[in-house]
Amino acid sequence: EKGGTETHDSKEDPRVFQKGRPEYRSLSFDKSEPIETLPLEEGLAILRSVAVRKGGQSPGAITDHFHRLSRLPVEQHAALVSEPGFNELCRCAVRNIGLFDTSDLVDVLKACVRLVVPPAHPLLNACEKEFCRRAWDMNLDQLLLVADCWRCLERNVPSYLSILFSYANAHWKDLTLPRFVQLVYIIGEGRRSPADLSQKVESMILKYLDSFTLEEVGAVCLGLFKSLSGISDHVMRRIADRVSLQMEDMSTYALVNVLKMLRYTRMDHLPLLKELGKVIPARIPTTNIQGIMHVTLTCSSLHYFDEGVMAAVARALPSKVTYCRSKDAAKFLWSFGCLDYEPPNEEEFYSSLIEQMHRKLHEFGKFPEHLLTGLLGLAFVKRFPEELIDYALSDDFVRKTRGSKYELKKDLFTLSESVEIECPSYQGSRLPPQLSQELTEMILNFAEQEIYVRPEIVEAVSLLGNMLGGPEYVKNHMILPHTRSSDLEVRLSVDGRPIPFNLKNPVADKKLEDIGVSLTDDLMTQLLKGRSNSRSPVEAEDEAPPGGEAARTPRTGDRAALSGGALLADAGSQAEPELGRWREGPPSLSLNRQPRGVKLAIQVSNRNHYCFCSKRLLGLHRLKRRQLRQLGYVVVELPFWEWFPLLKRTRLEKLSYLHYKVFDPAL
């Protein structure tokens, strides 16, 4: 990326807010502060005098030497740090470290920053130990300045930060606005969130929110994001309220930091997202690739589809694609696949990203999650680059996934099973059958406890069983376990009669007897609105249900009332083959050989299957329906905007709706 158009500096860009107020000069190290350059001859003279005196220097003289040497031309700094005279000066400072005034010791540390002293240098070890010893005798400005210097030196100082946070907690009333923002910045750069400060941080954000500059708003959000500090919906909404009103005046960098926190808190703030659609497309061409990635990932994580934003990203990306890290390329592919969007320049867009994935193949051994993220995003939009898939499903790569901090087995399973269904000519690596079976059982066990028992599903199963003639006419299961959502399977003969096939009905036996909760207004609100915390599409089904188990007591006669008489069952129908048997012969083939009827895969959808405030299916659920059709099923939808309101209507209305869905030939 060096020499290209990308100018992102991960060390300096987060510090831009410090230029907004003069108070930050006493709290942070300013590399841009002009200094008078020291001639090289004077620097060499200082080193000679240090070598001659061999440690007979006062702390004040040592401080002055460091300060003057730090004014040497930048190109001389690397050579200086390895000079014997400089090493002697450092040893002298270490021997006398306890004699320095705090202000002199801070000046020595600032000189080390300017000279880019290596973070593990013995002088810095001594300085850190001494600052920890005297921290409680320092003032808050000094403590924050020293913490800022450690950040500039890229030195990890957990002990010092713990003391700083404890000091700040004890002197919270002394936190002015600049001190607070600088503290949150330090918390973020230290990648740790002090639990005892969380409530105080929220209160301070609310106190100063209207007085923050827009860069400070971005800095606070970035600090919270980097330290994984959760904040309440109320505080995040207040931040988003302000940003949505002033987005046009906000730098793209600060805006992206707000979006990161919006994504982390899973806050679907519609005014901000709509304003983003107006402001960000014009900025995309001049935004660095990581900023574009975070904009795109925010939209997909919140399931928010804005074609203007996505099309602008797609237009700009091919010319910038070589700046993508493996993570960036993977997140772009995931985001577009998740939102099921293929842009006008789809071939150029996808081919450029797939080529970049090939170029970054060496990185995936260290970051296996990125390869699977990208390949799943491609699978959602029916793209299967076989060389990358062959590598991802190889024994060597599967072993590498075990060392990841993420659980990747289910993603491997989704990819492997999708390839088996959609790529019949694929000859590459495959997951071991034992691993596939293990994952199938794990997912089905989870579904038994968390998915099959959701009230909207249990109600549909119960009513379908009554309408069709009994529980043997409907099966609540996962036809495709790798898609992690349930199906209500119903079979009809050629003349439209229901066929009993669920002769082993453990779910019905276990779940439909003596189950019942009242469909209260509160439960209906949860069902209709879904969870406030949206999940990524791959995670969407891996959640507990929004309410408890719910089903109505089965009644007889509903089927006859709706169909006008008894419906004869096909006595010769076969029991459902064991899970996984379709791998031996896909149902689509058996249907062609035995055109005896139709298999319905009824989908009881919820809000997390669709884009936010939209009837646009997410990529995983588009993939599932596509694969069901490929295996010979007719997909029938009970969309949440129709079925959930019906849950509080009369039994006859629900049965009438289900009868229409099952028996209407147009569907």
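Helix H22 passes helix H29 in a left-handed crossing, a term used when the near helix is turned anticlockwise from the far one by less than a right angle, with right-handed meaning clockwise. The contact is made by Ser418, Ile421 and Glu422 of H22 together with Leu623, Arg626, Gln627 and Gln630 of H29, where contact means heavy atoms within 4.5 Å. By class, two nonpolar, three polar and two charged residues take part; here Ala, Val, Leu, Ile, Met, Phe, Trp, Tyr, Cys and Pro count as nonpolar, Asp, Glu, Lys and Arg as charged, and the others, Gly among them, as polar. H22 spans residues 409-422 and H29 residues 619-630, and their axes come within 10 Å and cross at roughly 40°. H22 is therefore oblique to H29. Angles under 35 degrees count as roughly parallel, over 145 as roughly antiparallel, 65 to 115 as roughly perpendicular and the rest as oblique. The axes are lines fitted to C-alpha atoms, for helices over the stretch in contact, and the angles run from 0 to 180 degrees between N-to-C directions.

The model is a predicted one, in which local features need pLDDT of at least 70 and side-chain atom pairs count only at pLDDT 80 or more, while totals for chains, interfaces and linings use all residues. Residues are numbered from 1 along each chain as its sequence is written, and side-chain values use heavy atoms, with hydrogens and water left out.

Taken as a whole, the chain has 31 helices and four strands, assigned as DSSP runs (helices: H or I, at least four residues; strands: E, at least two) and numbered from the N terminus. Of its 667 residues, 56% are buried, that is, under 20% relative accessible area, against over 50% for exposed and in between for partly exposed (1.4 Å probe, protein chains only). Among contacts in the chain with a separation of 6 or more, 78% join residues 24 or more positions apart. The accessible surface comes to about 28,700 Å², and carbon and sulfur atoms hold 51% of that area; the Shrake-Rupley method with a 1.4 Å probe was used, and for residues only the protein chains shown count as cover.

Glu202 is buried, with a relative accessible area of 13%. Leaving aside residues up to four places away in sequence, Glu202 touches Gly230, Ile231, Ser232 and Val235. Its C-alpha atom is separated by 6.9 Å from that of Ile231, 29 residues apart along the chain. The axes of H10 and helix H12 (residues 233-246) come within 10 Å and cross at roughly 30°, so the two helices are roughly parallel to each other. H10 passes H12 in a left-handed crossing, with Glu202, Ile205 and Leu206 of H10 meeting His234, Val235, Arg238 and Ile239 of H12. These residues divide into four nonpolar, one polar and two charged.

Three further residues round out the picture. Phe644 lies in helix H30 (residues 640-646) and counts as buried at 1% relative accessibility. The C-alpha atoms of Phe644 and Val604, 40 residues apart along the chain, are separated by 9.5 Å. Although not a glycine, Glu154 has a positive phi of about 55°; Glu154 lies in the loop between helix H7 (140-152) and helix H8 (158-170). Arg484, also not a glycine, has a positive phi of about 60°. Arg484 sits in the loop between strand E1 (475-477) and strand E2 (487-493) and is buried, with a relative accessible area of 4%.
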